[in-house]
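Trainee: Could we look at this structure together, one question at a time?

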Amino acid sequence: MQKVQDIIKKFRVYGDFVSSTSFGSGHINETFLVTLNQAGIKVKYILRSINNFVFKEPILIIENTVNVTEYIRNKLLFENESDLSRKVLTLIQSTNGDYFFVDSENNYWCLLLYIEKSYSINEVQTEVQAFEAAKAYARFQKHLIDFDISECHQTIKNFHNLTNRIEAYNVAVNSDSKQRVKSVSQEILEIEKFSFIQENYIELKNKNLPLRITHNDTKINNVLLDSRTNKGLCVVDLDTIMPGVILNDFGDMVRSFVCSVSEDEKITSKVKIRLRIFDALVRGYLGELKESLIKEEILNLVTGSEIIIYEQALRFLTDYLMGDIYYKIEYENQNLDRAKNQLALLNSIVEYSNQMQSIVNNIYNSVT
């Protein structure tokens, strides 16, 4: 707690320190909810570090976040939106005028206003939640549709390059540095079974879909919902904002929204797609963004979902084989369980892909 108190003093906030607690359920960064007493009023902030192992140049992440949030804020002002501090993230400057502080261990820290009267969820329970969260992500992307791509840094090279992910997985299997390959023989067979997805990925790359500003971590818990109205309020966790194709963000939404259990669920028989949730997701997303996308993007949304879920299964399994060096774990086989979970979800997605495509087609033809 003392460390948090010392870091808070490096930012342009006032008041007496009240408390700090760990915050959120992310796999990568360290995050705290900090409360200060400001003239008798308790005001909350989010203090987050940027993982130096994952993000080699934290300053690029911070520049992206500042540029994107200011761009969205200006769009909201132009649209005469009110309550802006609850609809877009607000970063606090440090005492030297930067939007970050670097500690003695070269860790980068950022401070943000906490968005009051909001909440997040880790699993989608209702169609309304899926609709509102998808709409919030679509609105976020719509506001950035004309953002200058050249002004956005590529913070993780080849982040959604499936070919590279497969190469990294093959290296992990062949090296077997932690002697874990024998324990994943069934998962290796599953990965091979879905090798056709790489062909789909290459085919999509050859279509040269437009590059857009994408969030690249569109999990359900990265959207804040309004506590009063339950409507999508604000998109958070902007560390992975980069130029990319829209299918990546849609696919990650599907991965996070449509299953009735979390990606940490060990009992894979529980991992199944919910078509009614998928329908609500597509309605929320295309209802807001349809006019901003080209037809080729919309008609490949389902294929994009398969690619992202396959990629995530590869990433979890690769990390397990390499000794759990990327994702935080709470027990030894957690990344293996996550990989099994994603492969089960992929099986369900592929099984129902025709029904999913029909839903997209029907909504695409009906949404105005």
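Trainee: Which residues touch the most other members of the largest nonpolar core?
Mentor: Good place to start! This is a predicted model, where local features need pLDDT of at least 70, side-chain atom pairs count only at pLDDT 80 or more, and totals for chains, interfaces and linings use all residues. Residues are numbered from 1 along each chain as its sequence is written, and side-chain values use heavy atoms, leaving out hydrogens and water. A nonpolar core is a set of buried (under 20% relative accessible area) Ala, Val, Leu, Ile, Met, Phe, Trp, Tyr and Cys residues joined through side-chain atoms within 4.5 Å; among the 105 residues of the largest one, those touching the most other members are Phe257, Phe278 and Tyr285.

Trainee: Which helix gives this core its largest share?
Mentor: Helices here are DSSP runs of H or I, at least four residues, numbered from the N terminus. The largest share is 11 residues, and they come from α10.

Trainee: How many residues are in the second, separate core?
Mentor: Its members include Val4, Phe32, Tyr45 and Leu47. The size of this second core is 13 residues.

Trainee: How far apart in space are Glu332 and Asp98?
Mentor: In sequence, they are 234 residues apart. In space, C-alpha to C-alpha, the distance is 39 Å.

Definitions and conventions
Buried means under 20% relative accessible area, exposed over 50%, partly exposed in between (1.4 Å probe, protein chains only). Helices (H or I, at least four residues) and strands (E, at least two) are DSSP runs, numbered from the N terminus.
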